Amino acid sequence: MTVNLLDFDQPKLAGFFAELGEKPFRAKQLLRWMHHFGENDFAQMTDIAKTLREKLAQAAVIAPPQIKLEQISDDGTRKWLIDVGANNGVETVFIPEADRGTLCVSSQVGCALECTFCSTGRQGFNRNLTVAEIIGQLWIANKVLGRDPKGERILSNVVMMGMGEPLANFDNVVTALNIMLDDSAYGLSRRRVTVSTSGLVPAMDRLREECPVALAVSLHAPNDTLRDEIVPINKKYPLKELMAACRRYLEKAPRDFITFEYVMLDSVNDGVEHAQQLLQLVRDVPCKFNLIPFNPFPNSGYGTSHADNIRRFRDILMHAGYVVTTRKTRGDDIDAACGQLAGKVQDKTRRSVKRIMELSV
Ligand code: SAH
Ligand code: SF4
């Protein structure tokens with residue numbers, strides 16, 4: 001079978017060249033062509049001998065995913081719908097800001113974790129994205145966005161906050177992270193690449209060892225009773241274990257804080273008592289907070305917290321000395337906000353069957 005070289009980080013490419021009887025330094029050369037220059041035609045790789053280019057073209061392809069749709073918001077936010085076959089799509093969003101350009105990257109088609117307020121979770125799980133499909137999102141964005149007048153890339157930061165749970169697709173996500181960080185490819189600093197997780201504790205430990213990058217944890221509730229309900233993975237990895245995993249992560253993290261994400265759900269988790277419990281919960285974990293006003297979707301059953309309640313919640317955290325950001329809604333006109341990255345996913349989990357089985361046990 002023909003291999004797709006976008007699936008390989010530097011060690012894997014070196015292995016591929018070794019099999020062809022070529023020197024390992026070719027891996028760096030190829031990474032530069034593919035990711036630094038965005039080239040996917042071997043014929044254009046002029047510093048590689050013609051015979052080797054021909055050999056490569058026989059053995060491999062450089063096949064980025066296809067764009068199904070591109071939308072550009074009035075505020076400059078861009079959204080791409082990426083074709084992942086079988087009539088499914090995942091979404092990638094670029095958010096320009098004064099001092100940086102952030103790409104929000106998807107890791108799975110759907111998600112199996114079923115957080116109750118998340119439209120991706122409601123769609124169920126279809127499959128993991130391949131490395132080429134994950135890194136292909138950067139490939140496409142860079143191709144479209146290019147560089148600023150100073151020659152710097154417009155895309156400067158990555159957050160794994162699109163569709164799916166990145167740590168549930170661990171190997172592919174880590175290989176893609178390696179390519180993001182590799183100086184021959186995208187050369188992003190570890191501090192500018194953030195993985196967001198709903199709290200898969202063992203995978204957080206592995207990430208710390210194998211590829212420590214900035215970490216965001218989707219907390220959303222300050223006690224186990226409420227978190228069990230809205231982030232069901234909490235039943236497996238409850239808050240005490242999650243907080244301990246956060247502390248362990250910080251021993252090797254490139255940043256000295258965890259970002260806790262907290263979706264603001266009207267009358268569910270946005271009260272004064274919730275803010276106070278939250279302060280108790282995180283007291284041993286250096287952290288910042290990112291409050292996310294809930295993005296409604298049809299039949300979600302939730303409402304967005306009132307602006308006054310979000311401010312009140314924020315002020316309690318700020319008065320206790322924490323840095324708190326409240327996520328602005330960007331790209332509203334193109335549904336580019338988190339939890340809206342719906343794509344169209346065919347659920348392969350057969351959840352109704354699963355549920356019935358659970359009920360009958
Ligand atoms: N699976 C990972 C990353 C993807 S979701 C995680 O859960 O962290 C990125 C963020 O958007 C998470 O904090 C998630 O809880 C939040 N989110 C999901 N649905 C949302 C919605 N409808 N409104 C606001 N935030 C939402
Ligand atoms: Fe999955 Fe994250 Fe959505 Fe939860 S919030 S269902 S973990 S994508």
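Select S267 to begin, in the loop between β12 and α10 (272–281) of this predicted model. S267 counts as exposed because its relative accessibility is 63%, above the 50% limit. As background, most residues other than glycine have a negative phi.

A second case of this kind is found at E114. Phi of E114 is near 60°, again a positive value in a residue other than glycine. E114 belongs to the loop between β7 and α4.

Next, keep E114 selected and display ligand 2. Which residues are around ligand 2? They are C111, L113, E114, C115, C118, G121, G164, E165 and S198. By class, this shell divides into 4 nonpolar, 3 polar and 2 charged residues. Ligand 2 takes up space in the largest cavity.

Now display that cavity. A search of the whole structure finds 1 cavity of 30 Å³ or more. The largest cavity has a volume of about 510 Å³. It is lined by 30 residues, of which F117, C118, G162, S218 and H220 are the closest to its centre. To colour the lining by secondary structure, select α4 (119–123), β10 (193–197), β12 (258–264) and β13 (287–293), the elements that give two or more residues to the lining of the largest cavity. The lining of the largest cavity comprises 15 nonpolar, 11 polar and 4 charged residues.

How many residues surround ligand 1? There are 21, and the closest are G164, S196, S218, H220 and N295.

- From F117, a backbone N or O atom lies 3.0 Å from a nitrogen atom of ligand 1.
- From E165, an N or O atom in the side chain is 3.3 Å from a nitrogen atom of ligand 1.
- From E261, a polar side-chain atom lies 3.1 Å from an oxygen atom of ligand 1.

The side chain of Q108 reaches the backbone nitrogen of E165 at 2.9 Å. Q108 itself is placed in strand β7 (residues 108–110). Is Q108 buried or exposed? Q108 is buried, because its relative accessible area is 2%, under the 20% limit.

The next stop is the second largest pocket, with a volume of about 240 Å³. Of the 13 residues that line this pocket, select E152, R153, L155, Y186 and L188, which are the closest to its centre. The lining of the second largest pocket divides into 4 nonpolar, 3 polar and 6 charged residues.

Finally, select D171, which lies in helix α6 (residues 170–181). Which side chain does the side chain of D171 contact? It makes a polar contact with the side chain of R206, at 3.3 Å.

Key: Residues are numbered from 1 along each chain as its sequence is written. Chains are lettered from A and ligands numbered from 1 in the order in which they are written. This is a predicted model: local features need pLDDT of at least 70, side-chain atom pairs count only at pLDDT 80 or more; totals for chains, interfaces and linings use all residues. Side-chain values use heavy atoms; hydrogens and water are left out. On a 1 Å grid over the protein atoms alone, a cavity is a set of points where a 1.4 Å probe fits but cannot get out, and a pocket is an open set with protein on both sides within 12 Å along at least five of seven lines; lining residues have an atom within 4 Å of a point. Grid points are joined across faces, edges and corners, and a volume is the space filled by probe spheres set on the points. Ala, Val, Leu, Ile, Met, Phe, Trp, Tyr, Cys and Pro count as nonpolar, Asp, Glu, Lys and Arg as charged, and the others, Gly among them, as polar. A residue is near a molecule or strand if one of its heavy atoms lies within 4 Å of it. A molecule sits in a cavity or pocket if more than half of its atoms lie within 2 Å of its grid points. Helices (H or I, at least four residues) and strands (E, at least two) are DSSP runs, numbered from the N terminus. Buried means under 20% relative accessible area, exposed over 50%, partly exposed in between (1.4 Å probe, protein chains only). A polar contact is a pair of N or O atoms within 3.5 Å; within protein, one must be able to donate a hydrogen and the other to accept it, and residues adjacent in sequence count only if both atoms are side-chain atoms.
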